[in-house]
Protein chains: 2
Amino acid sequence: MKLIQKPLEMIALTDHWRKQGQKIALVPTMGWFHAGHLALMHKARQCADKVVVSLFVNPGQFGPDEDLAAYPRDLNRDMQLAAQEDIDVLYAPSVADMYPAGFQTNIHVAELGRGLCGASRPGHFDGVCTVVMKLFSQSQAHLAVFGEKDFQQLAVIKRMVRDLDLTIAIVAYPTVREESGLAMSSRNSYLLEDEKKQALILYHSIIAAREKVQAATAPLSAAVLCQEIKKNISQISGCVVEYVEIVDADSLESCKKVHENSRLIMAIKIHDRVRLIDNARLLEV
Amino acid sequence: MKLIQKPLEMIALTDHWRKQGQKIALVPTMGWFHAGHLALMHKARQCADKVVVSLFVNPGQFGPDEDLAAYPRDLNRDMQLAAQEDIDVLYAPSVADMYPAGFQTNIHVAELGRGLCGASRPGHFDGVCTVVMKLFSQSQAHLAVFGEKDFQQLAVIKRMVRDLDLTIAIVAYPTVREESGLAMSSRNSYLLEDEKKQALILYHSIIAAREKVQAATAPLSAAVLCQEIKKNISQISGCVVEYVEIVDADSLESCKKVHENSRLIMAIKIHDRVRLIDNARLLEV
């Protein structure tokens, strides 16, 4: 595994690979690797000849009151973890190299980026799209692997790729969970032991909702189901609902009734300090 | 020369060319070809193995009160003209194929797109960047040739390419002029014979400014020179100045003094009906 930190060096290498006819996969990350990241790398390894894992804590997708400074970073730790996954390059550019003086371009995906996380994080998905486009260019990847954990991000990226006719395939990978059911997230490192237990309400809400949907004899009202979930979450000490919605998995528009393409999608804050998201399909096709 | 109208067909062909190791050049146009377009095609032919000329009157870059409906179109005429230039593909996609239902992505270049034409045409350069990005993807070009006639457009595109790390080279081609000096433009077809003579004030302003700058013994004040040009233009019957500025050719910021990288850049309206632009370097390096 090679560590590359300069965009021009990354592009020179992927130019070379492209000329050789190598198939390139990209796994974009913000580092502080957990089993979810490693699963994405493993998936990428199966799909391509060369695997680039990018590690960039992107200032462009953090709001002014968010956790950019606090976001966990440890390049040595991440290098050791990534090295276990047989990747070719860990690509960790600097902020100065990604956004040099004079940088002024922004990519905006309108409707899909507006609600859910977009409502409380204005500009977040613009920052995501713009940096992801840069990483696509720098890696010259044929495919990129994204986790379903960030479901709205996945939908927004797929839309950008389609709208801009990018010749890169987007591979979605299911959320990896801890044994308890808690969705893996670098932000879990902010949680104290007690809070980790409180955070399980997200997974328990998914399980309960699924059982209810699968037991129902007629399509359930999404609004009623969301209301129940919100009520249950707010009964957990320290948990505040940011949103709980049941949406169409492609358009991210609210469903009236739960259907086969419905997705439960949630964001909560624990002790007004740690923001967590989770999502899941409610009906198996 | 092959006519292609479907994006997927275009991508399939450029995929094939890429696999063969062919170097691809793109010439993006809105059609109604004149000698300026043909010169861009000729230039592209010298730079690449395969030349794609796109012809798309892009609704995304026209304002609601602009000349989208009136813009001259004649595919057969353009096919005959392009065929003389030994290009490989004339690519003329439909609006429905370029912007299918659900399309919602926008690329914005901030500072460079703000003043000059951007001031009177809000959203224009967003529309340009977005469609150009799509054409870059569809053509999978190694290089694209743009005319200096649309100087701000060229600066904005160069910035987008740099900011998004696109692996495409931008080749700038000097403005082609009629024998009279009038810059070639598809919009010249809107001009009556008398108006063509009035439009020459743009070229005459360039010549006069150049003479003044080259004769000066110390750097001239850009503001004073612009003021003189504006006064001269407004003396021509039916001509109204939209802007006359002397800017740095890279940043497009106003110059205080005329220097080697200064560019005179102008937009006027003739009889409040035809909008014309022109620009030129004032000092030879």
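## Basis of the description

Helices (H or I, at least four residues) and strands (E, at least two) are DSSP runs, numbered from the N terminus. This is a predicted model, in which local features need pLDDT of at least 70, side-chain atom pairs count only at pLDDT 80 or more, and totals for chains, interfaces and linings use all residues. Residues are numbered from 1 along each chain as its sequence is written, while chains are lettered from A and ligands numbered from 1 in the order in which they are written.

## Chain A

Chain A contains 10 helices and 10 strands. Its radius of gyration, taken over C-alpha atoms, is 19 Å, close to the 19 Å that the globule rule (2.2 Å times the number of residues to the power 0.38) gives for 285 residues, so chain A is as compact as a globular protein of that length. The C-alpha trace of chain A spans about 55 × 40 × 35 Å along its principal axes.

Of the 285 residues in chain A, 43% are buried (20 or more other C-beta atoms within 10 Å of the residue's own, with C-beta atoms placed from the backbone).

## The contact between chains A and B

Chain B and chain A each bring 24 residues to the contact (two residues are in contact if their C-beta atoms, placed from the backbone, lie within 7 Å). On the side of chain B that touches chain A, two or more residues come from each of α1 (7–20), β5 (105–109), α6 (124–139) and α7 (151–163) of chain B. The largest share, 5 residues, belongs to β5(B).

Strand β5 (residues 105–109) of chain A runs antiparallel to β5(B), and 5 bridges join them; strands pair if DSSP finds at least two bridges between them. Within β5(B), B:Val109 is the bridge partner of A:Thr105.

Technical notes:
A residue is buried if 20 or more other C-beta atoms lie within 10 Å of its own, exposed if 12 or fewer, and partly exposed in between; C-beta atoms are placed from the backbone.
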